[in-house]
Amino acid sequence: MKNKLKFFLLLALLFSLQSKAQLDTLNYLKQFEINKANYIGRPFTNLLVDMQQIKPKMIWISPIYHGVRKYIDKTFFCFDEKFPFNYNERTFNTNSNCLQIVWENYIDPRSSEYILLTNKNRNHFTKDERVYYGKKIIKDIKVYR
């Protein structure tokens, strides 16, 4: 019985630490949303430079359609490795901390540079993504959880 109690307490402690870490990440990201006036109209690199504590781990796009052509107007930069969007239910995953960046100019997913990037890194945020997205101009910033 003592062993079960110890195990339960240890499990509860680990869960509370993970929850605290997620809240800290969310609070950290909210500061960028509050101060978005500092980043709107500027390259994404400026935002990345200011993110000293944590860096994005995953990238998810939000395409829009103009007739038969598809463009990307938003990108979700997620700070854990969970899928931010449940495509089957068309709902946002509430366990994922993401920073949504709305771009000033649409991204063409058919461009050779973009195709090579997505095929190479499988939605992970790497140095290549940092360089590619770093040149893009921010139109708006939102935080999702």
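## Helix α4 and its packing

In helix α4 (residues 127-134), Glu-129, Tyr-132, Tyr-133 and Gly-134 are buried, where buried denotes under 20% relative accessible area, exposed over 50%, and partly exposed in between (1.4 Å probe, protein chains only). The buried residues of α4 pack against α2 (44-50), β1, β2, β5 and α3; contact here requires heavy atoms within 4.5 Å. Helices (H or I, at least four residues) and strands (E, at least two) are DSSP runs, numbered from the N terminus.

The model is predicted: local features need pLDDT of at least 70, side-chain atom pairs count only at pLDDT 80 or more, and totals for chains, interfaces and linings use all residues. Residues are numbered from 1 along each chain as its sequence is written, and side-chain values use heavy atoms, with hydrogens and water left out.

## The four-stranded sheet

Four strands form an open sheet in the order β1-β2-β5-β6, with antiparallel pairing; two strands pair if DSSP finds at least two bridges between them. At the edges stand β1 (58-66) and β6 (138-144), each of which pairs on one side only. Neighbouring strands of this sheet are turned against each other by 25 degrees on average, direction ignored. For such angles, axes are lines fitted to C-alpha atoms, for helices over the stretch in contact, and the angles run from 0 to 180 degrees between N-to-C directions.

Strand β5 is joined to β2 by six bridges in an antiparallel arrangement, and Lys-74 stands opposite Val-102 of β5. Six bridges also join β5 to β6, again antiparallel.

## Burial of strand β5

Seven of the ten residues of β5 are buried, so the strand is largely enclosed by the rest of the structure. Gln-100, which belongs to β5, is buried with a relative accessible area of 4%. Leaving aside residues up to four places away in sequence, Gln-100 touches Lys-74, Thr-75, Phe-76, Asp-140, Ile-141, Lys-142 and Tyr-144.

## The disulfide

A search of the whole structure finds one disulfide, defined as a pair of cysteine sulfur atoms within 2.5 Å. The link is formed by Cys-78 and Cys-98, with their sulfur atoms 2.3 Å apart. Cys-78 lies in strand β2 (residues 69-78) and Cys-98 in strand β5 (residues 98-107), so the pair ties together parts that are 20 residues apart in sequence. The link is right-handed, with 95 degrees about the S-S bond, and both Cys-78 and Cys-98 are buried.

## Salt bridges

The structure holds five salt bridges, each requiring a side-chain nitrogen of Lys or Arg within 4 Å of a carboxyl oxygen of Asp or Glu. One of them joins the side chains of Lys-30 and Glu-33 (3.3 Å, N to O). Both residues lie in helix α1 (residues 2-34), three residues apart, about one turn of the helix. Lys-30 counts as partly exposed at 34% relative accessibility.

Another salt bridge pairs Glu-113 with Lys-135, the closest N and O atoms being 3.8 Å apart. Glu-113 lies in helix α3 and Lys-135 in the loop between α4 and β6, so the pair ties together parts that are 22 residues apart in sequence. Glu-113 is partly exposed, at 43% relative accessible area, whereas Lys-135 is exposed, at 53%. A salt bridge is also present between the side chains of Asp-128 and Lys-120 (2.7 Å, N to O); Asp-128 counts as partly exposed at 30% relative accessibility, and Lys-120 as exposed at 56%.
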